[in-house]
Amino acid sequence: MNMLSLENTFTRIENFGHSLSATSYLLRPRSVEEIALAFRLAKRNGLSVALRGAGRSYNDAALNGGQIVLDLTGLNRILEWNPASGVVRAEAGVTLQQLWQHVLPDGWWPPVVSGTMTTTLGGCLAANIHGKNNFKMGVIGEHVLEFQALLPTGAEITCSPSKNADLFYAMIGGFGMLGVFTSITLQLKRVYSGLLEVHAWPTHTLSEQIASLQDGAPQHDYIVGWLDTITIGHGQIHAADYLHPGEDLNPEKTLQVSYQTLPDRLFGVMPKSLLHYFMTPFMNNLGVWGINTGKYLASLQRHTFRQSHAAFHFLLDYVPLWERSYGRGGLIQYQSFLPKETALDAWNEMLTLARRRGLPSYLGVTKRHRPDRFLLSHAVDGFSLAMDFKVSDARRLRLRQMLEDFDRIVLDAGGRFYFAKNSETTPETAFRFLGTETMERFRALKRRCDPDSLLESALYRRVFVKK
């Protein structure tokens, strides 16, 4: 990459769901100096800059049409690792896969992970990801000891909960709108086995699923629900627990990377990279109803089993390119966070509305959550429901209108949203769930860190720029 020129870098970039795209100048810095150079280049040419990690956001968080996008995956070194304390320092382009493969043989695991191991640490902090253990371990930002960042002004800063704390709690979860993470120091979780003890049981109604999450969370280290959003309420809960010392008879084996590797072939024969072609014909209302019904019937028996960390956590990596099965229009994900007192009524209303309009979600995932201290937090003392929707030219406008109706239901129920997912959120919606004081604090930090407004993604302009 020639960072002194934008020549021959104009590239079409898509979101993870392939439902949104934009053409931008794509630059791939490999050092902090080259990031600083990119900011100077942008200012000289009157362009804005958006940051991109692995590109796993379901919306426009890493899109920036006609402007510059910085692909930060080249900054991918693990800088320091202390297997005695479990403290790691790494560059922002290091993926969760790189991280867990580096530390697991020493008996450590990332305290919070996403549903895919391909996300970068910088992206994880920018989105402040939550996992199946949010009720217990919180968001990933709660395990960051400190980070170094480069501001668009050229200033290099160090932030922690006690140093530059205002920026620490705003940049984590700030979606790359204030600065660029350059190194991240993270406290990992000690584990004594490469296995988890998993408990699976069915739920027959939405209220039963919410009750299972509420009652099951205090008893387990992880808990997550699959929800059939077509036959509303059918579902399954998976809860998991770490093994204690001595419970795994062969931890030297299960802690090895080779034991955790997900198979790349189905039944040892068909490459999984081809499976999305066979899934495509079933990605319609009738086909998904049949798949969900079969899955529900197969889950009616309670059972307990042991599963590797990678197999339990990274379901999105089981079928490579699974998102392609949704067809040419791709998919979007809508995730709402509702207080425990209002979740049942709000989600019943949303799911019934989707069914009535003929736009059902094809996948529903539920989790238990707790609040956190971060400025642009999505968290509540309650639950989240993530729903995947198929996008097509014929459905796009109706889908957007329905999701805007969802927003009103969620806001009236005291809920919140996650900027890594929803693609219809407006400034008015953000003001209502974040509050005027929070938005003004963020804008004051934006003026301080980025006085020339160089860091602007499509998400930033959609949600944070006053119309």
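This is a predicted model: local features need pLDDT of at least 70, side-chain atom pairs count only at pLDDT 80 or more; totals for chains, interfaces and linings use all residues.
Guide: Residues are numbered from 1 along each chain as its sequence is written, and side-chain values use heavy atoms, with hydrogens and water left out.

Visitor: Why is Leu321 called partly exposed?

Guide: Buried means under 20% relative accessible area and exposed over 50%, with partly exposed in between (1.4 Å probe, protein chains only); Leu321 has a relative accessible area of 42%, so it is partly exposed. Its phi is near 65°, a positive value in a residue other than glycine, whereas most residues other than glycine have a negative phi.

Visitor: What makes Ser453 partly exposed?

Guide: Ser453 has 32% relative accessibility, and therefore counts as partly exposed. The phi of Ser453 is positive too, near 50°, and Ser453 lies in the loop between helix 15 (436–449) and helix 16 (458–463), where helices are DSSP runs of H or I with at least four residues, strands are runs of E with at least two, and both are numbered from the N terminus.

Visitor: How do you know that the length of helix 13 agrees with its number of residues?

Guide: The expected span is 1.5 Å times one less than the number of residues; the 17 residues of helix 13 (396–412) should therefore span 24 Å, and the end C-alpha atoms are 25 Å apart, which agrees.

Visitor: Which residues of helix 13 are buried, and what covers them?

Guide: The buried residues of helix 13 include Leu399, Met402, Leu403 and Phe406. Among the elements that cover the buried residues, through contact (heavy atoms within 4.5 Å), are strand 18 (331–339), helix 12 (343–356) and helix 14 (427–434).

Visitor: What makes a set of residues a nonpolar core?

Guide: A nonpolar core is a set of buried Ala, Val, Leu, Ile, Met, Phe, Trp, Tyr and Cys residues joined through side-chain atoms within 4.5 Å. The largest such core has 110 residues, of which Phe147 and Phe406 touch the most other members. Apart from that core lies another, of 19 residues, among them Leu27, Ile35, Phe39 and Val49.
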